[in-house]
Amino acid sequence: LSPDEGAWRLMGWAAGGFGPALVRAVRSAEGASVERLAWVLAHAVAQGGAREVPSEAAAPCADAGHGTGRDLAAAHRRCHRPPGSGTSTPAISSSVSSDARSSGARPVRPPIPGLADVQAVTSDEVLRWRDLPASLIVIGAGAIGAELAQALGRLGVAVTWVMRGPRPLRGDGAEAGETILRVASAEGVRVVTGAHDMRVEPCRSGVRVQWEGGEAEAAHLLLAAGREPNLEGLDAEAGGVELDRGGIRVDAQGRTTRARTWAIGDAVGGAHLAYQFTHVATWEGPLVAENCIAGREHVMDHAAMPRVTFTDPEVASVGLNEATALERGHDPLVHVKLVREIGKARALGVTEGLVKIVLDRATGHLLGATIVAPHAGDMLPELTMPLHDGGDLRTLLATVHPHPTLSEAVKVAVREAVARIG
């Protein structure tokens, strides 16, 4: 089976840095059906692919991957090479595979006065540190800020965690954010909330961050304000691809505004910016592969997409919180169960954590949930499943949860929430 233009376009936009894996996938699927090839390609994207790649030829769309800094219009012309016009067994050039990138996003640099005068680092640089600084200021209230502030504090760094809002992890609800603040403070992290009008300047100790009513000094400054689609070097306008809030605009099936061009993962903009997780791209891959190659119409519905922040305790959420439920016309009932009331938590000495259930008061169906607990991400999937069935909780309520386990907190929280509706 010779891959058609749709297959090459999937390689260019959806796969990005996974070109080597896709080359191996195409070779292994020779003679297969279109549907089979779609799944082989998607599996290769999800698994990360081969380590050794032949370099005798270049695939038509090999250097159209997001983050490679190529011209989009030129990439599109290469993608329109007719099937069979080049080598019958496509490969990736060694120069391209050496520049492969698996992420379509880059750290955000917030517009804070004075940043140009100091050497601020992002999460990318922090993960390459060989030596830890004595002190660090972390700016950012999202998942990256929360995870790194706590982790570096536990490694002995004197951390000052600064944020504009009243609490971190805004999308996960007040209870989750307040729990993480409480835990971080108890572990010695200096937490500063409501830090408005921030500005930065160099000082003798390294860097000084000032805000209305206060300031902090440290050896280093970490910008942890999130990530944004990495489209640098791609001339989207010339390529006919529209952008949405800094990322690629796609429809419900993953199509961009250019014919036969698709995008998934962190490169996508608009509402998709809330779903910059590895598991999102690996879920979208098989669906877009079939849409692109086999002409299917799978919809990218993220209503039941889990979100996890890997602090200790972890914070895991799915669906709507009470605020978004109200915005969408629901009458939400919110019930919170403290994890420390569960037998396994007592045995483990767990004192922080909760399970929050959001129900539609009219139907009793699940709208969303948040778990703050050790291994909350492992506990969340059974609360995502009802959202695929309109929020019906009968199967979950009929499921026996072993005792003693932390998962009992989910069952008890749901049972108590449903009982309040009557």
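Which residues of the largest nonpolar core touch the most other members? In this predicted model, Val 339, Val 355, Ile 357, Leu 366, Ile 371 and Leu 383 do so, within a core of 30 residues. Local features are described where pLDDT is at least 70 and side-chain atom pairs where it is 80 or more, whereas totals for chains, interfaces and linings use all residues. Residues are numbered from 1 along each chain as its sequence is written, and side-chain values use heavy atoms, with hydrogens and water left out.

**View 1. The largest nonpolar core and Leu 383.** A nonpolar core is a set of buried Ala, Val, Leu, Ile, Met, Phe, Trp, Tyr and Cys residues joined through side-chain atoms within 4.5 Å, where buried means under 20% relative accessible area, exposed over 50% and partly exposed in between, with a 1.4 Å probe and protein chains only. The core of 30 residues includes Val 339 and Leu 383. The elements giving two or more residues to this core are strand 14 (314–319), strand 16, strand 17, helix 13 (376–379) and helix 16 (408–421), and helix 16 provides the largest share, six residues. Helices (H or I, at least four residues) and strands (E, at least two) are DSSP runs numbered from the N terminus. Leaving aside neighbours within four places in sequence, Leu 383 is in contact (heavy atoms within 4.5 Å) with Val 318, Ile 357, Leu 366, Ala 369, Ile 371, Leu 396, Val 410 and Val 414. Apart from this core lies another, of 23 residues, among them Leu 136, Ala 146, Leu 152 and Leu 354.

View 2. The strands lie in the order 13-14-17-16-15 with antiparallel pairing, two strands being paired if DSSP finds at least two bridges between them. Strand 13 and strand 15 are the edge strands, each pairing on one side only, and the twist averages 10° from one strand to the next. Helix 16 packs on the sheet, where it touches strand 15, strand 16 and strand 17, and its direction makes about 140° with that of strand 15; axes are lines fitted to C-alpha atoms, for helices over the stretch in contact, and angles run from 0 to 180 degrees between N-to-C directions. Strand 14 and strand 17 are antiparallel and joined by six bridges, and Val 315 stands opposite Val 372 in strand 17.

**View 3. Strand 16 and its two partners.** In strand 16 (residues 354–360), seven of the seven residues are buried. Leu 354, Lys 356, Val 358 and Asp 360 point one way, while Val 355, Ile 357 and Leu 359 point the other way. In a regular strand the side chains alternate between the two faces of the sheet. Strand 15 (residues 332–338) pairs with strand 16 in the antiparallel sense over seven bridges, with Leu 333 opposite Leu 359. On strand 17 (residues 366–373), Leu 366 stands opposite Leu 359, and strand 16 and strand 17 form a hairpin with five residues between them, in whose turn Gly 364 has a positive phi of about 80°.

**View 4. Helix 7 and its surroundings.** Helix 7 (residues 143–154) has 12 residues and reaches 17 Å from its first C-alpha to its last, close to the 16 Å expected at 1.5 Å a residue, a span defined as 1.5 Å times one less than the number of residues. Its buried residues are Gly 145, Ala 146, Leu 148, Ala 149, Gln 150 and Leu 152, and they pack against elements including helix 6 (123–126), strand 3 (135–139) and helix 8 (174–186). Just after helix 7, Gly 156 takes a positive phi of about 100°.
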